[in-house]
Amino acid sequence: MTLEIKRLHLASLQGPDGGTWPVHGFVVAHPGGAVLVDTGVGGPQDVLDDWRVVNRSVADALAELDMSPADIGLVINTHLHFDHCGQNAVFKHAPFYVQRAELSRMRRESSELYEWFGFMDARFELLDGDAEVLPGLEVITTPGHTEGHQCVVGRTGKGGGEVGGDSFDLLIGDAAYTPRQYAEPGRDNLPPGQASDVGAWRESVRKIRSLRPEHVHFCHHTDIVHN
């Protein structure tokens with residue numbers, strides 16, 4: 001099944017380096033509909049103020065693609081930080097695919113945000129490891145940024161590549177903030193927040209690099225890595 005990946009600009013915020021970082025989500029269009037990977041920024045006002053968020057609605061972002069939230073059949077959250085799941089409530093009609101370990105982590109470590117988002121009402125499809133979500137669309141576990149972080153693999157239907165024999169694009173979430181972190185996981189001066197577990201993070205980046213994705217799309221950087 002051929003997939004098409006379209007980037008959404010959902011917000012900007014102050015990054016760990018003090019600069020202004022974008023926040024991207026991604027629509028993965030397939031013959032039967034569309035999947036959204038990460039929903040953008042949301043949370044209590046004090047959180048948005050702390051991060052100097054300039055926000056926009058995911059509905060407005062989708063409208064630029066001539067789409068609406070109703071066109072999204074399911075949502076994948078790479079992880080449950082406020083800038084990746086903050087507008088999940090817009091998609092109450094859709095199931096949310098997330099790692100079980102990540103939901104447990106958020107409940108344990110970020111209980112205030114967990115309660116603010118009201119996740120108990122969400123239709124979660126809890127995953128325990130790598131999984132195929134749809135034909136040609138997979139998630140792979142990449143712990144390190146958070147305990148339950150996952151990346152998304154979308155096969156483009158072309159030849160080559162290591163996953164399933166087809167070339168594929170990787171939606172990296174926060175497994176690496178920037179192309180530099182992706183290219184050089186052995187560097188010692190990681191930006192704050194990149195890795196909650198540095199050893200697991202480095203192993204995860206090496207894992208996804210070894211899969212040789214054709215393109216790597218970042219949440220907080222506009223460049224696309226071409227391999």
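## Around Phe 82

Beyond its neighbours within four places in sequence, Phe 82 is in contact (heavy atoms within 4.5 Å) with Leu 13, Gly 40, Val 41, Gly 42, Val 47, Leu 48, Trp 51, Val 53, Leu 113 and Phe 117. Before going further, a word on conventions: this is a predicted model, in which local features need pLDDT of at least 70 and side-chain atom pairs count only at pLDDT 80 or more, while totals for chains, interfaces and linings use all residues. Numbering starts from 1 along each chain as its sequence is written, and side-chain values use heavy atoms, with hydrogens and water left out.

Buried means under 20% relative accessible area, exposed over 50%, and partly exposed in between (1.4 Å probe, protein chains only). Helices (H or I, at least four residues) and strands (E, at least two) are DSSP runs, numbered from the N terminus.

## A buried aspartate

Asp 169 sits in strand β11 (residues 166-171) and counts as buried because its relative accessibility is 7%. What does its side chain meet? The side chain of Asp 169 makes a polar contact with that of His 215, at 3.0 Å. Such a contact is a pair of N or O atoms within 3.5 Å; within protein, one must be able to donate a hydrogen and the other to accept it, and residues adjacent in sequence count only if both atoms are side-chain atoms.

## Two loop residues with positive phi

Most residues other than glycine have a negative phi. Asp 66, though not a glycine, has a positive phi of about 60°. This residue lies in the loop between α2 (58-63) and β5 (72-76), and Asp 66 counts as exposed because its relative accessibility is 73%.

Arg 212 has a positive phi too, near 55°. Its place is the loop between α7 (198-210) and β12 (215-217), and at 57% relative accessibility Arg 212 counts as exposed.
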